[in-house]
Every structure is written in structure tokens, then in C-alpha cells.
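Please look at the following structure. Some questions and answers about its parts come after it.

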Amino acid sequence: MADVTAGEADGAAAPALSRRRLLAAAATGWLSGCTFNPDADHSGADAPRSAPLQPPPALAWVLSSGGPRGFVHVGVVKALAEMQLKPDLIVGASVGALVAVMYASGMPIAELETLALDLQPWELAGLAIGGDQWFSGEPLADLVDHCLRERVGQPLLERLPLPAVCAAQRLADGEVVGFNHGRAGLAVQAAGAIVGRFVPVHIRGQRYADADLVMPLPVRLARQFGAGKVLAVDASAYEDRAPAGTEKWRAGDLRKRALTRPDAELADLLLHPDTGYYAGTSRDYREHSIAIGYRTTMAARERIVALHRR
């Protein structure tokens with residue numbers, strides 16, 4: 001099965017990253033033990049920021065948050081690549097931001113899938129000494145930056161072959177900001193800094209965290225960047241299919257649906273893969289989720305291709 005990515009479709013061949021080198025990069029922060037200044041303010045020239053896109057993107061893909069359910073995004077972009085489709089912009093929240101940036105870098109789909117199957121959660125986190133939470137996402141940032149240096153020379157969002165936006169919540173006011181310039185690793189780290197678990201990322205005097213609690217499916221953000229059409233992927237659970245015994249999570253499920261609904265209604269086409277109610281991180285679960293994302297996307301092939309017609 002042929003894998004077509006933005007970089008390859010444009011004829012920009014790049015050397016594949018070895019699994020050993022990727023794992024070594026991801027483990028750097030963890031094996032070094034700790035992050036000793038987790039609340040340091042990143043305010044240099046390469047600090048993430050938001051800037052207008054010119055020209056405005058005709059079509060955007062939007063990848064939601066979702067924790068382990070976010071493995072479906074890998075299956076979705078795998079199917080879209082097989083259809084030889086690509087957007088003008090890709091926007092991601094939380095795990096969706098990680099997949100978005102890796103895809104936008106031109107990483108071959110087979111390599112992205114291998115990364116998703118092989119990396120372990122503890123390889124993307126480090127202990128945060130002196131922080132207000134236990135963990136820091138600094139190893140995740142290091143991994144992203146390493147991958148981008150290998151593919152595009154510099155770990156900067158504006159250097160990506162395909163424009164990408166990482167959605168993060170500004171904690172001071174709850175505003176969702178779309179980082180599309182500056183250091184990609186920091187932008188992904190901020191987008192994935194789960195509130196209450198990971199230390200927020202301090203950027204240009206403001207603290208940022210995962211947008212899951214305010215905009216888990218950032219279609220409105222894509223529209224703010226000028227996207228004319230939007231294909232959105234919602235990795236949340238189907239709360240109406242929750243099995244018996246899950247009542248204690250009902251309030252959270254309903255909150256999540258209330259947050260995703262306004263953005264789902266603004267998408268031109270919404271994919272909502274059903275991976276089952278329970279999520280996990282085992283290899284079997286990841287393979288299952290990727291396969292569900294792939295099949296869901298292929299089942300909507302005609303509508304997706306029609307949406308991409310210029």
C-alpha cells in the first residue's frame with residue numbers, strides 16, 4: 001500500500017528516522033531524570049506565536065484532542081494519504097496537535113504509524129521539580145524538535161512544508177490560541193499539557209495548557225485562520241453507547257459533548273470514529289484505533305474526495 005505525504009507528494013524526499021534514534025530522542029528528558037525549571041518563561045525569538053496565514057487556506061483538516069483515542073488520527077491521515085489528498089492547513093488539539101505537526105513535517109505515514117505504536121507514555125514525560133504538577137512534557141517537545149530538525153532542518157512551525165496550527169488554552173482567560181510560528185516542540189507541549197497533570201508551558205509571559213477543557217475540536221480556530229472548508233475528526237467517545245457501570249463518567253462525557261458540538265456543527269464534514277467506550281495504551285488498542293480511523297475514513301471516501309475538489 002503506497003504512503004503519500006505532503007512532502008513526498010511534492011517530490012521532497014527525506015531520510016527516514018530510525019526507531020532507535022526516535023526513541024533515544026523521546027527518552028532524553030526522562031532518562032536525564034527531571035525538569036528543574038518547568039515554569040521557565042519561553043520568550044525568545046523562537047517562542048511560539050500566532051500569525052495570520054496568507055493566502056487564507058481553502059481547506060483545513062482539524063484533529064481533536066482525545067488522549068489514547070487520538071490514535072484514530074493516525075488511521076485517518078493514513079487513509080487520506082492513500083487517497084492522495086492533502087489540506088492547505090492542519091489544526092490539532094492535544095494529541096491531535098502532535099499528529100498534525102508530524103504529518104505536516106512530511107513524515108511518511110508508515111513512519112508515523114510506527115512511532116504511534118512503539119512510543120510509550122512515560123517516554124514523553126519527565127518529573128517536574130519545583131512545578132505545580134508532577135510531570136513536564138519537555139521530553140515530548142524534545143522529540144518533536146528532533147523530528148523536525150531531521151526533516152526540515154529547524155524545529156520551527158513556519159518551516160513546515162504544510163502549515164500547521166497547535167491549539168492551546170491560555171490559562172489567564174481561557175482563550176484558545178493557535179500557534180503556527182516558533183518552536184514546534186514547545187507548541188505541541190503546550191497543546192498537550194493536560195490540566196491538573198502536566199505543568200503548563202510559559203510562553204511570552206502567559207501560561208498555556210491543553211485546550212480539551214474549552215475547545216477539544218478546534219474547528220472555530222481553523223475558521224479564524226481563514227479556512228473555507230473543514231474536514232474535522234472527533235476522537236471522543238460515543239457517550240450514548242456507554243456500557244453499564246460507567247455512570248460515574250457520565251457527567252464528563254456530557255461536558256465533552258457540549259464542548260465539541262459547536263465546532264462539529266461548523267465542520268463541512270465530520271468523522272467520528274467509534275473505537276468503543278473504553279480507551280487504553282496497549283499495542284492492541286493502538287492497532288485497533290488506527291484501523292478504526294482508517295476504515296471510518298475510507299467508508300466516507302466519496303464525500304471526502306468531493307470536499308477536496310477545488
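Helices (H or I, at least four residues) are DSSP runs, numbered from the N terminus. This is a predicted model, in which local features need pLDDT of at least 70, side-chain atom pairs count only at pLDDT 80 or more, and totals for chains, interfaces and linings use all residues. Residues are numbered from 1 along each chain as its sequence is written, and side-chain values use heavy atoms, with hydrogens and water left out.

Q: In which helix is valine 152 found?
A: Helix α6 covers residues 138-152. Valine 152 is found in helix α6.

Q: Is valine 152 buried or exposed?
A: Buried means under 20% relative accessible area and exposed over 50%, with partly exposed in between (1.4 Å probe, protein chains only). Valine 152 has a relative accessible area of 15%, so it is buried.

Q: Which residues does valine 152 touch, not counting residues up to four places away in sequence?
A: Contact means heavy atoms within 4.5 Å. By that rule, valine 152 touches Ser105, Arg159 and Pro161.

Q: What distance separates the C-alpha atoms of valine 152 and glycine 106?
A: Along the chain, valine 152 and glycine 106 are 46 residues apart. Their C-alpha atoms are separated by 8.7 Å.

Q: At roughly what angle do the axes of α6 and α7 cross?
A: Axes are lines fitted to C-alpha atoms, for helices over the stretch in contact, and angles run from 0 to 180 degrees between N-to-C directions. The axes of α6 and α7 (residues 184-191) come within 7 Å. They cross at roughly 140 degrees.

Notes
Helices (H or I, at least four residues) and strands (E, at least two) are DSSP runs, numbered from the N terminus.
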